[in-house]
Amino acid sequence: MQNRVKELRTSKGWSQAEFGERLGVSRQAVNAIERGKHDPSLMLAFKIAESFGLSVEAVFKPGS
């Protein structure tokens with residue numbers, strides 16, 4: 001799945017560690033999601049989108 005997490009996170013000025021704290025996950029989890037190495041659970045995807053004030057579809061796109 002493709003995503004805009006890194007772009008959106010950096011536009012807010014948040015480090016991976018800070019963003020992970022907001023989400024209740026590790027910095028390593030944020031890194032894996034940003035690199036496309038791990039797809040978040042549905043609940044985490046909603047939490048990520050909500051943290052940016054966007055819909056899940058605006059942050060995540062199906063594909064490779």
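A search of the whole structure finds three aromatic pairs. By the criterion used here, rings of Phe, Tyr and Trp (for Trp, its six-membered ring) pair if their centres lie within 6.5 Å; planes under 30 degrees apart count as stacked, over 60 as edge-to-face, and the rest as tilted.

Before I continue, a word on the source. This is a predicted model, in which local features need pLDDT of at least 70 and side-chain atom pairs count only at pLDDT 80 or more, while totals for chains, interfaces and linings use all residues. Residues are numbered from 1 along each chain as its sequence is written, and side-chain values use heavy atoms, with hydrogens and water left out.

Are Trp14 and Phe52 buried or exposed? Both are buried, where buried means under 20% relative accessible area, exposed over 50%, and partly exposed in between, with a 1.4 Å probe and protein chains only.

Let us turn to helix 2, residues 16-23. Helices (H or I, at least four residues) and strands (E, at least two) are DSSP runs, numbered from the N terminus. Which residues of helix 2 are buried? They are Gln16, Phe19, Gly20 and Leu23. Viewed down the axis of helix 2, its buried residues fall within an arc of 100 degrees, so they line one face of the helix; the arc is that of the directions from the helix axis to the C-beta atoms. On the other side of helix 2, Glu21 and Arg22 are exposed.

What do the buried residues of helix 2 pack against? Their partners are helix 1 (5-12), helix 3 (27-34) and helix 4 (42-52), where contact means heavy atoms within 4.5 Å. Just after helix 2, Gly24 adopts a positive phi of about 80 degrees.

Finally, the protein as a whole. It has five helices and two strands, and along the sequence the pattern reads β-α-α-α-α-α-β. Of its 64 residues, 33% count as buried. Among contacts between residues at least 6 apart in sequence, 56% join residues at least 24 apart.
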